[in-house]
Amino acid sequence: VYGDTLWDVHGKRTVPNGGYFTDGVVPIDAQGAAVGTSSCEEEEEGEEKDKEGDQSGVAGLGEDSLQGVSSNLEALSVEQKEGQPQQQQQQQQQQQESTAAPDQHAGAQEGYQPTESPVEMEELLEMTLLQALHKLIKDEDLPLGSSAMWNLMLSARPFGSTLDVKRSKHKKLGAFFKAYGGKDGLLQLKEDKYSGDQVITGVNRGHELLREFRPYKASSMASRAEAAASPSPAGTAGTAGSDELVVEEVFRPGRELKGVLDALSIPLDHLFTAVEAGDAAFAYVQKEQLTCPSDPGSIQLDVTLCDALFKGIIKKGELFPSHLPKAELRAAFLRRCHPQCRISRGDNVVVKKGSLPTVSINTEKRQGNKKVTRIVGVESFLIDPSALASDCARRFAAACTTNELPGKTSPGEEIIIQGDVKEKVPPFLMDKYKIPKKYIEVKK
């Protein structure tokens, strides 16, 4: 008992009034006396007197008194329960909710049903494939791996739809494409002998499905970005993380063409494609009205155009030509240009002099019969050698490292793959990094 002012006022009693004891509370009869005996007093009288006192106390109580005791005790237990701190009740409630939450979540998962049936999913997949073939895929883009084709299908799907091969009867991406293959099928397929993936090598543009298909308004560019980040259902590496590669052969005009370009208000450092270079030459002919009246297929050369095309080429003592067939104008103009290569991947654009070097792949023997595969020249295609090494390690399940090539002009880095995988690397580079086949050289 802790003493305080209230305790002193009431005579320093250990209990406030009758019926309250240090070890319990009992009812009070009509005369104000506590019914029953304190357990503390009973302990002082001894163990035997406790039993006798209990029996006599119970026997001395009538039926009504016992019912009163029982009801008062029940009321007391209710009051004690209601008197629990609110925080403790909240904690108990949270524990009960947390215990029930997993069961509710599991029930929600068990009750989930896909919105599309297998038949509806097959129709959606076929419609998206036809849309991709009609809008996104050209014959010069082929061949395409199954994962690359899948990413294009994701880009072409109807807005708000979800493609899932596993919810169709095909279950796998390879089986889906095989359903449209065959001799007279929509797709011409070839199985990759290393990975087993289906490679689309051709499209039957005259197929009935493609002829009768009417394109729809495809998803926005945001869904195309989402498609690039979505994994392929076949589990193979797609184009995710590797932006589309564009390689263009361009031409920088030589200083001999300055007079022609000045007349057209084109800067001398402008880069032309082969078609654009020819168009510029014919634009000058049209502006200066150099078409021969007597021969529409021939051009009458003026001094500016003649010097631009032939000065320095005509040997001493030879006469400059006065006419030139129109069919030879484009080639004559390109002879005065310097070929270059423009490579773009995403927002990165690089222009290199001359033709683009190839990616070299070969194997070497090291430490007896052990072989390694070397890849050199990927920097020209805006590929990070370290990132490629990581991708190769996952794809071929082999250790991969990068080493700096010898030289003072920073020639780049080489990727070393443990084992002989030189035949597997080209399809991987074409599928994931979109390097054209003509720029990949495998040394025997």
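How many of the 7 residues of β12 are buried? In this predicted model, the count is 5, so β12 is largely enclosed by the rest of the structure. Burial here means a relative accessible area under 20%.

Strand β12 belongs to an open sheet of 5 strands. Their order is β13-β14-β12-β11-β15. The pairing in this sheet is mixed. Its edges are formed by β13, residues 400-404, and β15, residues 440-442. Each of these edge strands pairs on one side only. From one strand to the next, the twist averages 25°. In the strand order, β12 sits between β14 and β11.

The pairing with β11 comes next. Strand β11 covers residues 359-366. It pairs with β12 in the antiparallel sense, over 7 bridges. Within this pair, Arg366 stands opposite Lys370 of β12. The two strands make a hairpin with 3 residues between them. In that hairpin, Gln367 takes a positive phi near 55°.

On its other pairing, β12 (residues 370-376) meets β14 (residues 413-418). These strands run antiparallel and are joined by 5 bridges. Two residue pairs can be located within this contact. Val372 has Gln418 of β14 as its bridge partner. Arg374 stands opposite Ile416, also in β14. In a regular strand, side chains alternate between the two faces of the sheet.

Positive phi values also occur in loops. Leu382 is found in the loop between β12 and α15, a helix of residues 385-396. Its phi is positive, about 55°, although Leu382 is not a glycine. The relative accessible area of Leu382 is 24%, so this residue counts as partly exposed. The cut-off for burial is under 20%, and exposed residues lie over 50%.

Gln289 lies in another loop, between α12 (274-288) and β7 (298-300). Gln289 is likewise not a glycine, yet has a positive phi of about 55°. With a relative accessibility of 71%, Gln289 counts as exposed.

Key:
Residues numbered from 1 in each chain as written. Predicted model: local features only at pLDDT ≥ 70, side-chain atom pairs only at ≥ 80, totals over all residues. Heavy atoms only, no water. Pairing = 2+ DSSP bridges. Helix = DSSP H or I, 4+ residues; strand = E, 2+ residues; numbered from the N terminus. Axes fitted to C-alpha atoms, helices over the stretch in contact; angles between N-to-C directions. Buried < 20%, exposed > 50% of the residue type's maximum accessible area, 1.4 Å probe, protein only.
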